[in-house]
Amino acid sequence: MAKRNIVKNGDDVLRKKCRDVTVFDDKLWALLDDMYETMQEANGVGLAAPQVGILRKVVVIDVGDENGKIELINPVIVSMKGKQRDLEGCLSVPDLWGYVVRPEKVKVKALNRLGKEFEIEGEGLLARALCHEVDHLSGVMFIDKAEELVTGDQLEDKK
């Protein structure tokens, strides 16, 4: 496994649409492993392939719940329920957070690293992470949806 560089806001790759994954091989597995390691080392809860400069529909998530490490290939949100508004950040947008409205519950259909289809349901933080990372695959970032943006200094002042 190897840590990858996280692309920062302003890089064009973050605004491009990703292509479907069609080959499930060692190269994909290495990408998934590298992305997970990169996310963990950066203290993130999710990472999408464009955030490491790869325009493929690949996502890793770990919100620290019973689901553990989640790998999603070609994910599609198939249902959404409710509404939640909370603070979000992004590894590609350091020192900036925003209040974003997301569904309270979502269901996502995806493929695993072997190409087998599965569904995952999430609520709360997991629903938020699923939506946030799937957005990345279409070139959409949380700053596009935020009702209010705050810096790290502003967060400290609110404590």
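**Basis.** This is a predicted model, in which local features need pLDDT of at least 70, side-chain atom pairs count only at pLDDT 80 or more, and totals for chains, interfaces and linings use all residues. Residues are numbered from 1 along each chain as its sequence is written, and side-chain values use heavy atoms, with hydrogens and water left out.

**Strands.** Helices (H or I, at least four residues) and strands (E, at least two) are DSSP runs, numbered from the N terminus. Two strands pair if DSSP finds at least two bridges between them. Strand β1 (residues 46-48) runs antiparallel to β2, and three bridges join them. Gly 46 has Ile 61 of β2 as its bridge partner. Strand β3 (residues 70-81) also pairs with β2, antiparallel, over four bridges. Here Val 59 is partnered by Leu 72 of β3. Ile 61 is partnered by Ile 70 of β3. β3 in turn pairs with β6 in the antiparallel sense, over six bridges. Met 80 has Val 106 of β6 as its bridge partner.

Which way do the side chains of strand β2 (residues 58-61) point? Val 58 and Val 60 point one way, Val 59 and Ile 61 the other way, and all are buried. Buried means under 20% relative accessible area, exposed over 50%, and partly exposed in between (1.4 Å probe, protein chains only).

**Salt bridges.** The count is 13 salt bridges. The rule asks for a side-chain nitrogen of Lys or Arg within 4 Å of a carboxyl oxygen of Asp or Glu. Three of them are tabulated here.

| Pair | N to O distance |
|---|---|
| Asp 33 and Arg 113 | 2.7 Å |
| Glu 119 and Lys 107 | 3.9 Å |
| Lys 107 and Glu 121 | 3.9 Å |

Arg 113 is buried, with a relative accessible area of 18%.

Lys 107 meets both Glu 119 and Glu 121. Lys 107 is in strand β6 and Glu 119 in strand β7, twelve residues apart. Glu 121, also in strand β7, is 14 residues from Lys 107. Lys 107 is partly exposed at 24% relative accessibility. Glu 119 is partly exposed at 48%. Glu 121 is exposed at 56%.

A network of salt bridges links Glu 88, Arg 102, Arg 128, Asp 135 and Lys 145.

**Rings.** The charged end of Lys 69 sits over the ring of Tyr 36, 4.8 Å from its centre. A charge counts as over a ring if NZ of Lys or CZ of Arg is within 6 Å of the ring centre and within 35 degrees of the ring normal.

**Helix α2.** Is helix α2 mostly covered or mostly open? Eleven of its twelve residues are buried, so α2 is mostly covered. Among the buried residues are Leu 126, Arg 128, His 132 and Asp 135. Arg 128 and Asp 135 also belong to the salt-bridge network.

The length of helix α2 (residues 125-136) fits expectation: at 1.5 Å a residue, its twelve residues should span 16 Å, and its end C-alpha atoms are 17 Å apart, which agrees. The expected span is 1.5 Å times one less than the number of residues.
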